[in-house]
Amino acid sequence: MARKEKESLAAILRHSFTPPGQALYQGACVQISDQGAVQIENCKGIADYNENYVEAKLSGCSVRISGDDLVLLTLSKGNITVEGRVFSVEFFYQDQ
């Protein structure tokens, strides 16, 4: 009986710590670091940028990162990383 209970507990723990499915990650994910970095996953593209702001298109909205000396560090399919002195991160929602 103890062996079966351990297996049940192991199965419960395995399912508890399994990462969620892709359905949870369909939207964009914005991570802000206190070290002056902002990372956006599932980005649709860059709308505009300069050293004072970066505006990225997401599905259903856009996000503007404002600051000083901003640099696009990473620009790969669906992912961007911006570094510099970040002052604000604003979301602009499109009318639906």
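Predicted model: local features only at pLDDT ≥ 70, side-chain atom pairs only at ≥ 80, totals over all residues.

Residues are numbered from 1 along each chain as its sequence is written, and side-chain values use heavy atoms, with hydrogens and water left out.

**Overall layout**
- The protein has 1 helix and 6 strands; helices (H or I, at least four residues) and strands (E, at least two) are DSSP runs, numbered from the N terminus.
- Read from the N terminus, the order of elements is α-β-β-β-β-β-β.
- Of the 96 residues, 21% count as buried, where buried means under 20% relative accessible area, exposed over 50% and partly exposed in between (1.4 Å probe, protein chains only).

**Strand pairing around E2**
- E2 and E6 run antiparallel and are joined by 5 bridges; two strands pair if DSSP finds at least two bridges between them.
- Strand E1 (residues 29–32) also pairs with E2 in the antiparallel sense, over 4 bridges.
- Cys29 has Glu41 of E2 as its bridge partner.
- The hairpin of E1 and E2 has 4 residues between the strands, and Gly36 takes a positive phi near 90° there.

**The nonpolar core**
- The largest nonpolar core has 12 residues, among them Val38, Ile40, Cys43, Leu70 and Ile80; such a core is a set of buried Ala, Val, Leu, Ile, Met, Phe, Trp, Tyr and Cys residues joined through side-chain atoms within 4.5 Å.
- Strands E2 (37–41), E4 (53–57), E5 (61–76) and E6 (79–93) each give two or more residues to this core.
- E5 provides the largest share, 4 residues.
- In soluble globular proteins, nonpolar side chains tend to be buried together.
- Beyond its neighbours within four places in sequence, Ile40 is in contact (heavy atoms within 4.5 Å) with residues including Cys29, Ala56, Val63 and Ile80.

**A look at Gly45**
- Gly45 lies in strand E3 (residues 45–49).
- Not counting residues up to four places away in sequence, Gly45 touches Ala56 and Lys57.
- Gly45 and Leu58 are 13 residues apart in sequence and 7.4 Å apart in space, C-alpha to C-alpha.
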